[in-house]
Amino acid sequence: MRSMVALLLAAGLAFATPLTAQGVAKTLQIYYIDTEGGQATLFVSPAGESLLVDTGNPGGRDTDRIMLAVADAGVKQIDHLVLTHYHVDHVGGLQELIKRIPVKHFYDHGPTVEVQSEQVNGFQTSYAGMYGKATHTVLKPGDKVPFAGVDWRVVVSAEQPIKNPLPGAGKPNSACDAFKRQNVPGPDDNAQSVGSLITFGRFKTIDLGDLLWDNEFDLMCPNNKVGTVDLYLTSHHGLPRSGSEALVHGLQPRVALMNNGPRKGGATQALAILHSSPGLEDLWQLHWSYEAGLEQNTPGVFIANLDDNETIANVLTAPPPAPRGGGAPPGPAVDARGGRGGFGGGRGNPAAAHTPAYWIKVTAQQDGTFTVTNARNGFTKTYRPR
């Protein structure tokens with residue numbers, strides 16, 4: 001029965017997607033995999049090459065989810081693996097992943113700056129052993145990842161942005177005028193994040209990992225070195241340490257997609273900035289955000305993973321937590337670095353897994369048309385070129 005369903009789905013997709021004379025779909029496919037507030041994003045080029053950005057959390061849960069996307073895409077190996085930075089919610093699944101599927105080429109920003117506090121114990125040593133058996137590249141601003149049929153351009157790495165604007169960019173960014181630095185003390189590997197602008201014909205999307213607020217200024221101000229994009233993956237899961245007006249309003253995305261968890265990311269400040277971004281048509285979220293509540297979460301059809309109505313109602317109507325030192329246990333407060341049940345900026349114990357876990361998939365065409373699909377409910381929306 002399952003094989004029959006798979007065949008029917010494959011047939012449906014074949015009729016839904018334009019094909020070349022050779023029968024190969026000339027689209028860029030992107031799977032935003034649910035890692036409950038971490039990151040694992042699978043790209044499949046028109047030529048069939050695969051590129052994975054980050055590997056989610058340890059423990060096998062997120063690796064299972066990556067492998068489901070890999071199977072759906074028909075991928076047999078990871079041709080390119082880009083690690084944005086070394087926090088546990090981004091690289092924690094790597095050791096399990098390489099047991100499941102070959103990885104040909106590893107990319108990163110260079111050694112960690114958090115030498116005294118690795119979030120995955122012994123990661124740098126074990127990672128060197130992994131890439132020592134394959135190919136390894138330390139990415140610098142302006143570098144390109146040779147991803148067949150796609151222009152994959154590094155715009156920031158190891159706290160260094162590109163020096164010169166990309167073609168068509170370089171205009172003054174008015175959103176910089178009110179910018180205020182957060183001056184977060186370091187060292188912080190979030191600030192080292194590899195950030196990439198991905199261009200497929202007229203379609204543009206950007207992934208900046210967990211790049212911090214102050215680093216966004218260096219990339220976008222006073223002149224916008226990147227230009228505008230069609231699809232923006234929210235930086236740092238929608239935490240208030242990232243996603244400034246200077247970045248979001250400067251990029252002017254038509255669509256934003258947030259890889260948050262139920263209690264990690266989806267912060268009210270980040271959502272307010274998104275909702276006020278000029279030209280934003282829709283926000284898609286991997287999870288309902290308990291911090292955002294009823295007022296700022298996007299409509300349910302755009303959310304891939306939801307708790308049941310009773311659970312949501314119980315959380316929203318629960319009494320506030322007692323002050324520290326009081327007799328009542330703390331309630332479901334959300335921490336700015338991560339959140340209860342999440343990894344808290346990369347650390348801690350994973351949240352209970354949503355089962356099943358749904359991804360959001362994007363299919364982009366060279367003319368700039370792209371379609372976003374919510375795997376939970378099948379809701380699909382197509383965005384035509386501007």
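Colleague: Which residues does Asp189 touch, not counting residues up to four places away in sequence?

Modeller: In this predicted model, Asp189 touches His85, Tyr86, His87, His109, Thr112, Val113 and Glu114, once residues up to four places away in sequence are set aside.

Colleague: Where is the place of Asp189 among the strands?

Modeller: Look in the loop between strand S9 (160-161) and strand S10 (195-200); that is where Asp189 lies.

Colleague: And is Asp189 buried or exposed?

Modeller: Buried means under 20% relative accessible area. Asp189 has a relative accessible area of 0%, so Asp189 counts as buried.

Colleague: Which side chains make a polar contact with the side chain of Asp189?

Modeller: One is His109, whose side chain is joined to that of Asp189 by a polar contact of 3.1 Å. The side chain of Thr112 also makes a polar contact with the Asp189 side chain, at 3.3 Å.

Colleague: Let's turn to the strands. How many bridges join strand S1 to S2?

Modeller: There are 4 bridges between S1 (residues 28-32) and S2, and the two strands run antiparallel. For an example, take Tyr31, whose bridge partner in S2 is Leu42.

Colleague: What joins S2 to strand S3?

Modeller: Again 4 bridges, with S2 and S3 (residues 50-53) running antiparallel. Phe43 has Leu51 as its bridge partner in S3. S2 and S3 form a hairpin with 5 residues between them, and Gly48 in the turn has a positive phi of about 90°.

Colleague: Are the faces of strand S2 covered or uncovered?

Modeller: Both faces of S2 (residues 41-44) are covered. Thr41 and Phe43 are buried on one side, and Leu42 and Val44 are buried on the other.

How values were computed
Residues numbered from 1 in each chain as written. Predicted model: local features only at pLDDT ≥ 70, side-chain atom pairs only at ≥ 80, totals over all residues. Heavy atoms only, no water. Buried < 20%, exposed > 50% of the residue type's maximum accessible area, 1.4 Å probe, protein only. Pairing = 2+ DSSP bridges. Polar contact = N/O pair within 3.5 Å; in protein donor to acceptor, adjacent residues only side chain to side chain. Contact = heavy atoms within 4.5 Å.
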